Amino acid sequence: MDAQCDLTKADIKDSDKPKVEGGPCDVIGENIHIDTFLFEDGVCKKWRVTYNYINWCTNEQKGPYVKYYKYKDDVKPVLTCQDQMFAANPNPGNPNGICEGTVNLEASATDEGGCTANGWLKWQVFVDLWGNGTTDYEFSSFLPTNDKNLGNDTNQNGIR
Ligand SMILES: [Ca+2]
Ligand SMILES: [Ca+2]
Ligand SMILES: [Ca+2]
């Protein structure tokens, strides 16, 4: 079942609880225990709710019954970036032509929707040199941080 970022006993509807029946005059005691599990540094959460019941008239115990609740962040990050232009200068030593430039690509993103403001954002940048439809380089937070060599294909997906 889905839940909001905090799940307390008050949030559990009676209709979600296990059905425990006693006799007409019995007194049923209910014990609810909630365990919380964090995923992705707390952006997503899961709760294990354990129910135990005792019939105070007969001392009959029922349970434990276990139900799970979850909160999943389905909200996409919002990306902010602008078109950027960079100067290129003649370089006779460049084998592909005479001009060469250095580019510094910048973009930022924010992501609401999770249960914490301190979750991580992962990123990938694909570079298509010459704009010919083939991706020539990738840069990504999924790759090892010590992978600085433009010739390496560390994740072996065919893109250096
Ligand atoms: Ca999100
Ligand atoms: Ca290309
Ligand atoms: Ca690769």
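Mentor: Helices (H or I, at least four residues) and strands (E, at least two) are DSSP runs, numbered from the N terminus. Residues are numbered from 1 along each chain as its sequence is written, and chains are lettered from A and ligands numbered from 1 in the order in which they are written. This is a predicted model, in which local features need pLDDT of at least 70 and side-chain atom pairs count only at pLDDT 80 or more, while totals for chains, interfaces and linings use all residues.

Trainee: Which element has the highest mean pLDDT?

Mentor: pLDDT is the predictor's confidence in each residue, from 0 to 100. The chain averages 89, with 100% of its residues at 70 or more. Strand S6 (residues 99–100) has the lowest element mean, 85, and the highest, 96, belongs to strand S2 (residues 44–55).

Trainee: In what order do the 3 strands of the open sheet lie?

Mentor: Two strands pair if DSSP finds at least two bridges between them. S2 and S3 are joined in the antiparallel sense by 10 bridges, and Tyr51 has Tyr65 in S3 as its bridge partner. The open sheet is antiparallel, with the order S1-S2-S3.

Trainee: Which strands are the edge strands?

Mentor: An edge strand here pairs on one side only.
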